[in-house]
Amino acid sequence: MSTASSTSNPEAPRHTAVVRVTHWITFIAFLALLISGAEIVVSHPRFYWGETGNVMMKPLFTIPIASSRDTVPTGYNYVMPDQNGWSRYLHFQAAWLAVLTGLFYGISSVLNGHFRKDLFPARANRTWKAFWEVIAKYLRRAPPDAVEAHSYNAVQQIAYLSVIFVLFPMVIWTGLALSPSFDSAVPLAVNLLGGRQSARTLHFFVSGALLLFLAVHVAMVILSGFRSRMRAMITGGVDAPEAIPSTPAQLPILPLQERS
Amino acid sequence: MKSITRRRLITTGIAATAGVAGLAVADRLAQRYGLVPPDGCGVYGPGETLTYAAQRLLTRHSLAREFSRGMISKTPFANETAPPSDEFKVHQAAGFKDWRLAIDGMVARPGSFSIADIKSLPFKSQITEIACEEGWSYIAEWIGTPLVEVLREAGVSPQARYVVYYSIQKDWWESVDMADALHPQTILTWGMNDGDLPVGFGGPLRLRVPRQLGYKSVKYIIRMTVTDSLKSFGKGLGSASPEAGYSWYAGI
């Protein structure tokens, strides 16, 4: 497997301090955004397309749950507890935390070459073949090799780049488009998305895509060795090379089984 | 080793001092230029202050989007309100002819305006969207007198920083800063879609603040107080919304 990163120095931490710190702050902020976002959706679990939408208009789709407001006809004859107040306060505070952390990560990653060295695929990795090789390896449940202990493979690179340069910017844009005040200064922010309700629906879908990434990401971390991956992202420490099984025969069958 | 530790200690010390000093300066500047919202305290204070300060630097004068007549919603939704008070019912039975809007506080000429007085001032029509914090929205034509006209009539003080406004309904009051109070699209609305403003939508008088979420557009306005501090109003958080757990600044 050819990978992009410099694997020359096995003493170097798996992830730099900037990556580790911003990773966990983003994780906390994202969790807060997810929980508060879900609470806000509950107050009107109907989605529309275009500029306007309300209970007297046909929705694009409806989430089949009860609402926290009795003005929304959901088919359920009970109303969920209203948690919008703190959810909204938390949502916007966590959004600021995520955006500022993202800015810090983005700027330092440009300056220290993290994007160039670790995330942008090397020429050899910019092929479908390289991509499918990784997928095939995942499907065989082959363990990560020594190179992968220090770098990202082609699929990881595409996944992380998509999150950093597509999903995060999209979720910020679609979220900002829901601010009536921001829209007064930058009307294109909402108009380009097809209107306020389209922006809200897109915000919901992009959040869903981020949630999907989170689920796959956590699953992959567990499959590839939860302890060592967590250690790498917390202390930066890497397992000694001999501790990493190099052939499928040594692969632990149970993904959660500990490897030391 | 020792020198590195010392160097590190000194750098960290300087960075920490600079950080604290920077925050203190930022806080002082934010207070000075009115960039801290009245509910900019407590756990969510930092987020609220960042939002409000960013919006005030970016959107002090910007105009809410206006739409074409064809975009007016066929089915606007009149959000539910608490059952009307007896006082309101009396006014409604009399066709709102005795409805008055009182203005006091930091104005040269405190007094009150009837709906007819308000209508006699220059008025305008604007087609804007109203969006609820729940997520739904509609577009309507709102006809009314810009709040700035009424404030000018009452002789608002240059030291004024906020306008507090009250519904006839109990415990329903809000406030906006002068950027929104003097904004040309902030209108004391008495007409909607070519007719009188229906009671369900806030008639006879509703303050429409189109650059903020619907809950700032309080229905059934009867009183306004111009002030330079919100500390003595309610719990001092700016309006009834933060007291109920909702953000004071609803421009997001």
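B:D177 lies in strand β6 of chain B, which covers residues 173-177. The model is predicted.

**Chain B overall**
- The C-alpha trace of chain B spans about 85 × 40 × 30 Å along its principal axes.
- Chain B has 252 residues, of which 44% count as buried.
- Taking contacts in chain B between residues at least 6 apart in sequence, 66% join residues at least 24 apart.

**Residue B:D177**
- B:D177 counts as buried because it has 22 C-beta neighbours inside 10 Å, and the cut-off for a buried residue is 20 or more.
- Apart from neighbours within four places in sequence, B:D177 is in contact with B:G34, B:R161 and B:Y162.
- B:V163 is 14 residues from B:D177 along the chain, and their C-alpha atoms are separated by 6.4 Å.

**Strand β7 and its partners**
- Strand β7 of chain B (residues 187-192) is largely enclosed by the rest of the structure, because five of its six residues are buried.
- Strand β4 (residues 137-146) runs antiparallel to β7(B) and is joined to it by five bridges; here B:P146 stands opposite B:I187.
- Strand β9 (residues 206-208) pairs with β7(B) in the antiparallel sense over three bridges, and B:R208 in β9(B) stands opposite B:I187.
- Strand β8 (residues 195-196) is antiparallel to β7(B), with two bridges between them; B:G191 stands opposite B:D196.
- β7(B) and β8(B) form a hairpin with two residues between them. In the turn, B:N193 has a positive phi of about 50°.

Notes. Residues are numbered from 1 along each chain as its sequence is written. Chains are lettered from A and ligands numbered from 1 in the order in which they are written. This is a predicted model: local features need pLDDT of at least 70, side-chain atom pairs count only at pLDDT 80 or more; totals for chains, interfaces and linings use all residues. Helices (H or I, at least four residues) and strands (E, at least two) are DSSP runs, numbered from the N terminus. A residue is buried if 20 or more other C-beta atoms lie within 10 Å of its own, exposed if 12 or fewer, and partly exposed in between; C-beta atoms are placed from the backbone. Two residues are in contact if their C-beta atoms, placed from the backbone, lie within 7 Å. Two strands pair if DSSP finds at least two bridges between them.
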